Amino acid sequence: MSAPAVSGQAPIVDPARPGDSLIGASVPRLEDDALVTGRGRFVDDIHMPGLLQAAFVRSPHAHAAIRRIDASAALALPGVHAVYTCEDFRPYLATDRLVVGLPSSHYKQDHHRQVLAADEAVHVGEPVAIVLADSRYLAEDAATLVEVDFDPLPAVSDCRAALAADAPLVHRESPHNLLAEFDMNYGEAARVFSEAEHVFRDSFWQHRGGSHSIECRGCVARHDALEDRTTLWTSTQMPHAAARVICEVLGLHENQVRVATPDVGGGFGPKLVTYPEEICVTLAARLCGRPVKWIEDRREHFIATTQERDQYWDTEVAVDDQGRVLGIRGTIVHDHGAYTARGINLAHNSAENVPLGYEVPHYAMNVKVALTNKVPVTPVRGAGHPQGTFVMERLLDRVARELKLDRAEVRRRNMIPAAKMPYRTQLKARGGEWVTLDSGDFPACFAEALARADWNGFPARQAQARAEGRYLGIGLSNFVKGTGRGPFESVTVRIGPSGKVHVYAGAAAMGQGTRTMLSQLVAEQLGRDLSNITVTTGDTAATAMGLGGSNSRQTVVAGSSAHVAAQKVRAKVLKVAAVLLQAAEAELEIVGAEVVVNGQTARRVGLGTIARSLVGTAGYSLPGGVDAGLEATEQVLIDEMAFSSGSAVVEVEVDPETGGVTIRRLVFVHDAGRMINPMVIDGQLAGGIAHGIGNALFEWMGFDENAQPVTTNLGEYLLVTSTEMPRMELHHRESPTPGNPLGVKGVGECGVIPMTPAIMSAIEDALSPFNVRISQTPITPAQLYALIEQGRQS
Amino acid sequence: MDTTLSRTISLKVNGSAVQATVDVRHTLADFLRHQLELTGTHLGCEHGVCGACTVLVDGRSARGCLMLAVQAHGREVTTVEGLAGADGRLHPLQQAFKDHHGLQCGFCTPGMLTTLSELLADNPDPSEAQVRVAISGNLCRCTGYQSIVDATLAAAKSMRASGAAR
């Protein structure tokens with residue numbers, strides 16, 4: 001870990017010291033004072049007079065026809081104000097569906113979520129009615145009194161079974177359950193496989209669970225009749241998308257809906273989706289004339305918040321005698337859930353990620369996206385990329401074993417050499433452009449990780465442990481992850497007459513330190529005083545355009561726009577100050593909230609004075625011949641992704657009597673380009689690593705054969721806790737990307753990506769006396785014990 | 001059904017005497033958050049696993065979601081709002097969380113801080129393993145826990161150095 005700031009000492013950056021850069025400094029986060037004292041403002045902390053509480057009536061069936069809804073008993077309960085069904089809402093809807101899917105030519109059919117299920121419910125947890133009452137307790141009482149006459153229909157649970165010719169239909173009216181199919185191909189895989197010296201075949205089941213931000217979803221809507229505007233405060237990663245969807249569904253224009261994010265208690269992907277509940281709460285507030293709050297509980301988070309789930313892979317790798325990969329091919333069946341709540345990007349990412357970090361000359365992957373009667377699947381931190389990395393790294397381990405080569409050596413023989421950067425792959429991104437790896441030295445990064453983890457010394461440690469009856473193993477994984485997806489993020493930097501520097505960004509914060517990051521970048525240009533910066537993110541009233549938080553993008557896209565906007569404002573400050581101070585621009589320096597001539601404190605002018613001079617005085621021209629206002633708005637366009645990369649080495653100890661896995665050592669070397677705040681980068685990586693460990697050993701979102709969820713609380717669905725986490729050894733390399741003005745790459749998802757393959761590799765190594773082969777993630781102790789027993793008997 | 005049964009309770013919250021009428025079925029966490037407007041105590045699961053709602057009751061950590069407000073009658077409750085000094089000076093744990101990046105989204109943080117303040121009151125010089133065990137009932141999805149552990153060890157050290165017996 002980088003050295004943290006120490007309280008009570010001088011600030012790390014002295015604004016008066018020109019050489020002191022805020023970029024690359026581990027400045028303490030500006031978010032923290034409120035959050036450590038209980039003064040954060042999360043959505044459930046919002047209170048206002050007249051507030052009603054909402055609860056949702058949800059389908060208990062994975063698939064059912066809805067015959068009749070009777071709310072009379074619920075409405076008779078004192079304190080209950082309204083129950084709305086889809087039929088009640090219909091007169092106020094421009095459409096009863098949320099049409100949000102990312103564009104693709106591969107869809108075979110469209111299935112958009114309903115505002116409320118009207119006559120068919122297609123997953124457990126699908127909302128059917130909303131109840132408004134004086135308290136949450138009463139609203140939940142009343143929700144149980146709403147009588148819904150469900151007529152259960154056959155349900156599809158397994159995504160492979162969904163594609164069988166005689167499978168029940170996920171939606172009564174659809175022709176089949178294949179939502180989309182596509183091939184990701186390049187080269188001549190068929191020819192290469194027919195000629196290759198070695199072909200190895202492996203099948204994998206990969207599962208990832210939910211987001212499980214510790215704050216669930218939630219929102220508060222208030223309609224202001226005076227302004228004819230409804231404000232929705234919602235715990236979302238994408239407020240601008242939410243406003244757009246709400247306007248479309250409710251037939252409102254942009255000035256009638258404002259969406260703002262309070263403090264968001266973690267996102268991790270599923271909060272980038274706009275949900276039916278947000279539409280319902282907004283409309284309910286407009287209809288009943290009182291503010292309405294809905295706070296998701298954890299059970300609802302399990303059944304109604306999107307999640308990642310199952311992928312089944314059948315793969316083959318062709319190699320030569322030296323272990324050089326000639327080609328990879330296979331098929332993926334991807335569980336999509338019942339609706340398209342984001343797109344088919346997850347499956348695309350998985351297929352695209354497989355060959356990304358290595359030279360794979362020929363590639364052919366067929367992807368089938370299958371509907372199931374389960375809550376929709378959308379990205380969770382990592383967004384399909386971990387699954388691709390898992391397959392590649394598992395196949396390389398297989399090659400090493402079959403050809404009796406060191407696992408590290410097989411990687412070295414296939415990695416993209418640094419001299420080939422930038423490296424144009426033969427893959428196309430979802431927008432159709434070529435995928436080009438912008439920068440990095442993958443072999444050097446890998447070599448550093450191996451050296452730091454003492455890869456070469458491990459066999460001796462392993463032998464010694466084995467002599468003591470202990471089973472140690474070491475595993476490894478490289479990864480490459482596209483980050484900073486464009487096309488842009490919008491940022492305005494404005495200096496007000498107060499002299500304060502205000503930053504308004506289309507970015508959305510969910511705990512990653514966005515405010516601190518933007519403040520560092522803007523302050524670097526405008527006085528280097530972090531306390532003089534205010535930041536507004538995630539508010540559609542503050543920025544007209546915004547994409548929000550996803551794909552490890554905010555430092556890349558919002559950071560770049562903030563940087564360029566701040567540079568433009570700086571240029572203007574200096575130009576006007578030169579006029580006001582009668583000095584040359586070259587003599588000027590911005591220090592705190594003032595511009596000073598050559599460090600002479602007597603000759604100075606405040607940023608507020610300059611700002612006032614540019615807001616105009618009737619009849620007088622502006623100083624310096626500049627245009628009006630001390631502000632700049634930027635949308636730096638970035639179409640190409642910035643590829644972060646890294647290497648992880650993990651040592652585990654496995655207890656063959658229980659199948660229990662203990663991670664004893666974890667080395668992670670990462671390259672996210674130029675670093676803005678190393679402390680925050682460490683934090684992002686560490687959280688991702690923990691998430692990846694959960695995906696390897698703990699997290700399983702289970703459903704039975706009727707698509708009933710069977711893990712709906714945090715006792716059944718396990719998140720990694722402090723006692724399972726090893727101490728993480730984090731190291732950084734900096735290969736700045738040429739793709740944006742800062743040279744930065746994203747980091748938010750990167751920790752996750754290599755963890756499942758590295759851990760499985762280590763477990764197999766530990767259990768090599770039992771010849772254990774792992775072709776799944778996660779793996780539980782019971783499953784591992786069964787594999788050990790199998791090995792003992794054979 | 002009768003949903004209106006209530007009782008009047010008296011308790012101390014963050015050092016101040018409080019008297020209030022509460023519905024008997026309301027949890028302590030809901031009472032603190034919505035009646036006393038002490039919204040620093042967060043609800044993450046409402047079934048006692050995540051630990052975000054942890055408060056101190058008579059100095060002992062307790063789940064605010066698993067305890068009814070009426071059960072706090074006659075007790076002394078401390079929430080995250082009560083950790084800092086009356087002068088606003090941060091508790092050493094709060095300061096250390098800032099210094100060591102012991103929080104990201106901040107949602108689990110209040111429960112972490114109350115849990116750890118109990119640990120440090122009991123054991124001024126905990127080992128890393130003891131810190132990990134102490135927070136093993138508090139889920140954090142952001143940090144991977146390492147920075148929380150580091151912050152706690154640093155806070156313990158600074159408290160020992162200053163002899164602060166909070």
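Of the 794 residues in chain A, 59% count as buried (20 or more other C-beta atoms within 10 Å of the residue's own, with C-beta atoms placed from the backbone; 12 or fewer is exposed, and in between is partly exposed). This is a predicted model, in which local features need pLDDT of at least 70 and side-chain atom pairs count only at pLDDT 80 or more, while totals for chains, interfaces and linings use all residues. Residues are numbered from 1 along each chain as its sequence is written, and chains are lettered from A and ligands numbered from 1 in the order in which they are written.

**Chain A overall.** The secondary structure of chain A comprises 20 helices and 31 strands, taken as DSSP runs numbered from the N terminus (H or I of at least four residues for helices, E of at least two for strands). The radius of gyration of chain A is 28 Å, which agrees with the value near 28 Å for a compact globule of 794 residues; the radius is taken over C-alpha atoms, and the rule is 2.2 Å times the number of residues to the power 0.38. Along the principal axes, the C-alpha atoms of chain A fill a box of roughly 90 × 70 × 50 Å.

**Helices H7 and H8.** The axes of H7(A) and H8(A) come within 10 Å and cross at roughly 60°. Axes are lines fitted to C-alpha atoms, for helices over the stretch in contact, with angles from 0 to 180 degrees between N-to-C directions. Contact means C-beta atoms, placed from the backbone, within 7 Å.

| Helix | Residues of the helix | Residues that meet the other helix |
|---|---|---|
| H7(A) | residues 239-250 | Ala242(A), Ile246(A), Val249(A), Leu250(A) |
| H8(A) | residues 276-288 | Glu278(A), Ile279(A), Thr282(A), Leu283(A) |

**Ile332 in strand E16.** Ile332(A) is found in strand E16 (residues 325-337) of chain A. Ile332(A) is buried, with 25 other C-beta atoms within 10 Å. Leaving aside neighbours within four places in sequence, the contacts of Ile332(A) include Gln311(A), Trp313(A), Met365(A) and Val367(A). Asp454(A) is 122 residues from Ile332(A) in sequence and 36 Å from it in space, C-alpha to C-alpha.

**Contact with chain B.** The contact takes 47 residues from chain A and 47 residues from chain B. On the side of chain B that touches chain A, the largest share, 5 residues, comes from H2(B).

Technical notes. Contact = placed C-beta atoms within 7 Å.
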